[in-house]
Amino acid sequence: MTILKINGQERTVDVPADMPLLWVLRDVIGLTGTKFGCGIAQCGACTVHLDGSPVRSCQLPVGVIGDRAITTIEAIGDTPAGAKIQKAWLDLEVVQCGYCQSGQIMSAAALLASNPSPDDADIDTAMAGNICRCGTYVRIREGIKHAARSA
Amino acid sequence: MLHDRPDPSPASTGGSRGLSRRTLLGAGAAVGGGLLLGIELIGGRSAEAKDPRPQGGATFNAFVRIARDGAITMIMPAVEMGQGTYTMMATLIAEELDVDLAQVTVEHAPPDQKDYGNPIFVAQITGGSTSTMGWYLPLRKAGATARAMLVGAAAAGWNVDPASLRTESGVVHHDASGRSAPYGRLADRAAAIPAPKEPILKDPKSFRLIGKPLKRIDTPDKVNGKVQYGIDVMLPGMKFGTLAACPVFGGKVRHVDDSQARAVPGVRQVVVLDDLVAVVGDHMWAAKQGLAALAIDWDYGPNAHAMQEDLYAAQAKAANGSGVTAQKVGDAPAHLKDGTVYEDEFELPYLAHAPMEPINGTAHFKGDSCEIWVGTQAPVMAQEGAARALGLKPEQVTINNHLIGGGFGRRLEVDGVVKVARIAQHVEGPVKIVWSREEDIQQELFRPIYHDRLRARVENGRITAWHHRVTGPSIMARWLPPAFQKGIDPDAVDGAIEQPYDFDHILIEYIRHETPQVPVAFWRGVGPNSNIFSAERFINHIAHQTGVDPVEFRRGMLKKSPRALAVLNLAAEKAGWGQPLAAPSGGGRAGRGIALLAGFGSFLACVAEVVVPDDGDVQIKRIVCAADVGKMINPNTLEAQVQGGTIFGMSAILHGEITIDHGRVLQSNFHDYRVLRIDEMPRIETYFVPSEEKPGGIGEPGTVVVQPAIANAVFDATGVQLKRMPINRALLAKGAKA
């Protein structure tokens, strides 16, 4: 049995220790907001926070997480940076198909939490691991700046 | 996109007619959050939870239901895959119905060609940038019809002239007496009134919603993880599976040793079909591990020798044959015999769609019926494809459609639905099958390779004779056979025929050359993607050869197309065309290019600025797009589609290439099938020409027009004429031999 701290709740799961967190979240716990995109940490769709830092859950075995706090898209709105990013995404109509946006928002929220006024280079560094096939990058960039400006 | 409008065969429409729409909507409503979205989210996460709401409300037509409590439901004939079509379509109905978008809930339409077939295809298909063109009038009429019936019911109840009533935000008012009635109270009586045959539509001057940058109705649940795509379906007792089809197209399973796979914890079943193997388990991880543990002996079949260069060579050879005439004006061959004649040829690669949501589907086979949960651009095809594979009648297959995590043409194909149904046939209870990214890329149906050969004669600074020969496979002949007539695939020549330029003599030919070794399908930009690319590259090449500025050269040939001329001029002006480019701060060669598109009912011009460093890498610095899309329904969405469309095109021209090696696809995931990332992004500027013309399409034009603009800019920077896409950096390195 593995005990995971997810979005402030303790969850006990009976899964192999090498099972990536992505599939535990989606298929075992039913938190489907975190997305499968590539399975090799190339696209960022599966991004979640571990103690506030962004990680690719498709490459994170549950056995190594320990008591670190997992935050997913379903609860990121409870953090100040996450709420700002979500609001900016709606204010600027960033989203198209939306499939990658859970990961985009998780990466952007982590950036904003650690850097209250990121510049273009900071945004490139933090967000280059998140692919958007619809091409919402223009508005993702604007959205992060918009969120940073908001009170 | 289609120039022919074939009548659908009875076989392709009859299937769903026997099933009442209400039954299907009932099944749909039961799926909960994934099917019902908007302001009011109905149902729980469990797909088999019952809709707590009383069914339906009064039905006014195929698109509008109004319940007694005033809840307004709109049924969406096209599917939402990011392009904003749900908001667009709901806006059209709401405009004429006189309700606000905030009052509306939308539902996916069930498979039903008769009610929900796009008038342009006469089929229930979302593609080809046709949703706005096809639905602009029918959905406004649906809203206006329902409004007229509501007004009629109020007038009869109050015994007043319907003309003395007005409507606003879902309420009928009689100002003279101060009476008013909300739609919900009138709905049952109104729905019983005969629908007016030709409802009166609003004068565009009085539009309240159309033309405004209204907020999208699908986005709030896309920022908090609540939205359900097909891949997110969860059913009680559901198992999870993944699959491997033969890596060589057309190959078969010879033998499978599954002893090690069965030992993987959580693996429940191995399903072996003639051309694929699936592993089913308690979760995707077990299924993935199980699949990796299989020892599969494949019979690769006849395509195991297919090599990319051979495929290109065979197509180039086919281009030497004679083609079928797709468009003929005057006598181009006679005028290309002498004088100043230019010629060129271009090759376009196979491309994967690579939507972020990998192909997937969930199915519950129950012997004499099958229920399927999937996101599809072609619900009727999905239903019929699954039914055929299972030996069922179409009405025995229920399709629950979902929001789509990226389509781009990939989900116009139902190969995935068919595979899921075939696997589910052997599984007890519901099973969700998810493609790994590798399987998704390698078992694609790709944008075809095309070979374009062009010749043109120049007299007095303008092109007078034009010959474009398109050689490539026909997608349409397989996908919508009635559209393939007299040897011409209307998609394969789209963009080659009916150009905006006033050439005196035109010959457009099509040579159908199939590559059965590699399955092909529509890809964002469809036919114009390759045809406009080649034409705009060629025109640029001729302008350069004749020493005329490329914008000036095009201007001189656009006298019969003022809308094309206007976007060309606007893009050139906004981009500062003619002013020298600043020397790149980090070194390298700077260049600027332009391209023009008339297609999808719209007009776009695009200017690209690039820098090519000594190593031949291409950095796109700035994109300026000018567009005339006719009457704009939602300017915000239109801008987003130009941005996203151009980025899709940039991925293609910078990185997009699928390579066949011994019948297999070499690429497998985003590390070797690269798409644009945020740190490669240029500045993108979008400008619209105000217009009251009929609305055109916008999902694809940006993808098409940006590619030749970039290639022309690369030529401007380096002087290298690239003949085959994507951009080959080795040819652009300083000192490289062309």
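**Exercise 1. Burial of a helix**

Task: Determine which residues of helix H8 of chain B are buried in this predicted model, and what covers them.

Solution: The buried residues of H8(B) are B:Met284, B:Trp285, B:Ala286, B:Ala287, B:Lys288, B:Gln289, B:Gly290 and B:Leu291. Helix H8 of chain B runs over residues 284–292, and eight of its nine residues are buried, so the helix is largely enclosed by the rest of the structure. The cover includes H1 of chain A, and from chain B it includes S9, helix H7 (259–262), S11, S12 and S19.

**Exercise 2. The contact of the two chains**

**Exercise 3. Two domains of chain A**

Task: State where the domains of chain A lie, and work out what the side of domain 1 that touches domain 2 consists of.

Solution: The domain assignment places domain 1 of chain A at 2–71 and domain 2 of chain A at 76–149, and the centres of the two, taken over C-alpha atoms, are 20 Å apart. In the contact between them, 15 residues of domain 1 of chain A meet twelve residues of domain 2 of chain A. Strand S3 (47–50) and strand S4 (53–56) of chain A each contribute at least two residues to the domain 1 side, and the largest share, three residues, belongs to S3(A). By class, that side holds five nonpolar residues, nine polar residues and one charged residue.

**Exercise 4. A seven-stranded sheet in chain B**

Task: Give the strand order of the open sheet of seven strands in chain B, identify its edge strands, and place the helix H12 that packs on it.

Solution: The order is S11-S12-S9-S19-S16-S17-S18 in chain B, with mixed pairing. Strand S11 (267–272) and strand S18 (397–401) of chain B are the edges, because each has a single partner strand, and one side of each is therefore left without a neighbour in the sheet. On average, neighbouring strands of this sheet are turned by 20° against each other, direction ignored. At the S18 end, strand S17 (residues 370–374) of chain B pairs with S18(B) in the parallel sense over five bridges, and B:Cys370 stands opposite B:Val397 in S18(B). Helix H12 (residues 415–424) of chain B packs on the sheet, where the strands touched include strand S9 (239–245), strand S12 (276–281) and strand S16 (360–365) of chain B, and the direction of H12 makes about 35° with that of S16(B).

**Exercise 5. A strand with two partners**

Task: Trace the pairing of strand S25 of chain B with S24(B) and with S28(B), and decide how far S25(B) is enclosed.

Solution: Strand S24 (residues 602–612) of chain B runs antiparallel to S25(B), and nine bridges join them; B:Val607 stands opposite B:Val624 in S25(B). The hairpin of S24(B) and S25(B) has six residues between the strands, and B:Gly616 takes a positive phi near 90° there. With strand S28 (residues 683–688) of chain B, S25(B) pairs in the parallel sense over six bridges, and B:Thr686 in S28(B) is the bridge partner of B:Cys625. Seven of the ten residues of S25(B), which spans residues 619–628, are buried, so the strand is largely enclosed by the rest of the structure.

**Exercise 6. Backbone geometry in the loops of chain B**

Solution: B:Glu498 has a positive phi of about 55° although it is not a glycine, and is found in the loop between helix H14 (476–479) and strand S22 (505–512) of chain B.

Technical notes. Residues are numbered from 1 along each chain as its sequence is written. Chains are lettered from A and ligands numbered from 1 in the order in which they are written. This is a predicted model: local features need pLDDT of at least 70, side-chain atom pairs count only at pLDDT 80 or more; totals for chains, interfaces and linings use all residues. Domain bounds come from an automatic or database domain assignment. Two residues are in contact if their C-beta atoms, placed from the backbone, lie within 7 Å. Helices (H or I, at least four residues) and strands (E, at least two) are DSSP runs, numbered from the N terminus. Ala, Val, Leu, Ile, Met, Phe, Trp, Tyr, Cys and Pro count as nonpolar, Asp, Glu, Lys and Arg as charged, and the others, Gly among them, as polar. Two strands pair if DSSP finds at least two bridges between them. Axes are lines fitted to C-alpha atoms, for helices over the stretch in contact, and angles run from 0 to 180 degrees between N-to-C directions. A residue is buried if 20 or more other C-beta atoms lie within 10 Å of its own, exposed if 12 or fewer, and partly exposed in between; C-beta atoms are placed from the backbone.
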